[in-house]
Amino acid sequence: MKASPTLTNNLQAVLADLIELHIQGKQAHWNIVGTNFRDLHLQLDEIVDAARQFADDTAERMRALHALPDGRSSTVSKSTALAEFPEGLISTKDAIERIVAAMEAAVGTMRKVHDEVDEEDPTSADLLHEFIAKLEQFAWMVNAETMKPTASVTAPDEK
């Protein structure tokens, strides 16, 4: 099978976002400060590793379909749907908000192109399903660092 221009463009959009997510994850990893630094520092490496693997899977799928992936920094910076990550030190709370937003933007691109991808190549759509599930799980776990509890638990003898 040879990818159409539409399939190529859709997979390229996913690729650009995954490359940018990897870069932003490392930027956050190197520059976070504050509460729960170590936990977030390690968690960001998990996200970075997954984003790199997903980008590689996407690019290799494109090549299998005779499409040419473009991972050049100039292409990624022009075409990513992710907002630019700030320079300098960033608090763990702000980093969490930024990284969750970046993962949600990457997932948003995947959901946006999904139906067209699935129509032409269900195998590529299966990859998107895998990426979406894992990135949404990461977003939930990272975001839980700053969420407020909704239940109050008291010990039985404190009633």
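**The cavity and its lining**

Tutor: The largest cavity has a volume of about 30 Å³. This is a predicted model, where local features need pLDDT of at least 70 and side-chain atom pairs count only at pLDDT 80 or more, while totals for chains, interfaces and linings use all residues. Residues are numbered from 1 along each chain as its sequence is written, and side-chain values use heavy atoms, without hydrogens and water.

Student: Why is this called a cavity?

Tutor: On a 1 Å grid over the protein atoms alone, a cavity is a set of points where a 1.4 Å probe fits but cannot get out. The volume is the space filled by probe spheres set on the points, which are joined across faces, edges and corners. By this rule, the count is 1 cavity of 30 Å³ or more.

Student: What makes a residue part of the lining?

Tutor: A lining residue has an atom within 4 Å of a point. Leu11, Thr58, Arg61, Ser124, Leu127, Leu128 and Phe131 line the largest cavity. Two elements, α2 (37-64) and α5 (122-143), each give two or more residues to this lining. The largest share, 4 residues, comes from α5.

Student: What makes a stretch a helix or a strand?

Tutor: Both are DSSP runs, numbered from the N terminus: helices are H or I with at least four residues, strands E with at least two. The protein has 5 helices and 2 strands. Their order from the N terminus is α-β-α-α-β-α-α.

Student: Which share of the residues counts as buried?

Tutor: Buried means under 20% relative accessible area (1.4 Å probe, protein chains only). Of the 159 residues, 44% count as buried.

Note on methods: Buried means under 20% relative accessible area, exposed over 50%, partly exposed in between (1.4 Å probe, protein chains only). On a 1 Å grid over the protein atoms alone, a cavity is a set of points where a 1.4 Å probe fits but cannot get out, and a pocket is an open set with protein on both sides within 12 Å along at least five of seven lines; lining residues have an atom within 4 Å of a point.
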